[in-house]
Amino acid sequence: DLSFLMERWKNFIDAHFGTTKRKILCSASLLITLTWLATWLKKIKKPNVYYQKNKQNELIIALLQGYLSQRYVPCIFTPEGNINSGVGYIKFVKKVNKVREIVKAFDGGHFALDWNVREKYEKDLPVNAPI
């Protein structure tokens, strides 16, 4: 029963969080978490397949029946498509130290070589080490 859970939550908040501000923050975070969880749970379902009825499509559906009978479970952190799109643009790039060398080719053209500079490894290398 939901009223039982709400009463238990109220008793927990009253016992562990003294100030009204802390109670409000805790309740707000719980509401956001429960909303997020409800949105995610709502997205877990079997896929709907719409197709034109003909022999070729029915054969494809028969071959894919093992996949189509399974439920789709989205990532819990990005249950909405718009969030998935935004997360796709986040990139964690490691800073790499490079030195660019412009090389003149035999035909008169030029091209660039980017060398990775690794000072801590170069100290251990002998002078006659290959590149």
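Visitor: Where do I start with strands, and what makes two strands pair?

Guide: Two strands pair if DSSP finds at least two bridges between them. This is a predicted model. Here seven bridges join E1 to E2. The two strands run antiparallel.

Visitor: What do E1 and E2 form, and how many residues lie between them?

Guide: They form a hairpin, with five residues between the strands. Look at Gly-108 in the turn: its phi is positive, about 95°.

Visitor: Which residue stands opposite Arg-100?

Guide: Asp-114 in E2 does. Arg-100 and Asp-114 also form a salt bridge. Their closest N and O atoms are 2.7 Å apart.

Visitor: How many salt bridges does a search of the whole structure find?

Guide: One.

Visitor: Where in the chain do the partners Asp-114 and Arg-100 sit?

Guide: The pair links distant parts of the chain, 14 residues apart. Arg-100 is in strand E1, residues 98-104. Asp-114 is in strand E2, residues 110-116.

Visitor: Now accessibility. Is Arg-100 buried or exposed?

Guide: Exposed means over 50% relative accessible area, and buried means under 20%. Arg-100 has 57% relative accessibility, so Arg-100 counts as exposed. Asp-114 has a relative accessible area of 38%, so Asp-114 is partly exposed.

Visitor: What share of the protein's residues is buried?

Guide: Buried residues make up 8% of the 131 residues. The protein exposes about 12200 Å². Carbon and sulfur atoms supply 61% of that area.

Visitor: Which residues make the nonpolar surface patch?

Guide: Leu-34, Trp-36, Leu-37, Leu-41, Ile-76 and Phe-77. Their patch covers about 590 Å². Take Leu-37 as one of them. Leu-37 lies in helix H2, residues 20-43. With 35% relative accessibility, Leu-37 counts as partly exposed. Patch residues need over 30% relative accessible area, so Leu-37, at 35%, passes that cut-off.

Visitor: Let me step back. How many helices and strands are there?

Guide: The protein has six helices and two strands.

Visitor: In what order do the elements run from the N terminus?

Guide: The order is α-α-α-α-α-β-β-α.

Visitor: Last, contacts. What share joins residues at least 24 apart?

Guide: Count contacts between residues at least 6 apart in sequence. Of these, 34% join residues at least 24 apart.

Terms used
Residues are numbered from 1 along each chain as its sequence is written. This is a predicted model: local features need pLDDT of at least 70, side-chain atom pairs count only at pLDDT 80 or more; totals for chains, interfaces and linings use all residues. Side-chain values use heavy atoms; hydrogens and water are left out. Patches are made of residues with over 30% relative accessible area and no salt bridge: like charges are joined within 9 Å, nonpolar side chains (Val, Leu, Ile, Met, Phe, Trp, Tyr) within 5 Å. Accessible areas come from the Shrake-Rupley method with a 1.4 Å probe; for residues, only the protein chains shown count as cover. A salt bridge is a side-chain nitrogen of Lys or Arg within 4 Å of a carboxyl oxygen of Asp or Glu. Helices (H or I, at least four residues) and strands (E, at least two) are DSSP runs, numbered from the N terminus. Buried means under 20% relative accessible area, exposed over 50%, partly exposed in between (1.4 Å probe, protein chains only). Contact means heavy atoms within 4.5 Å.
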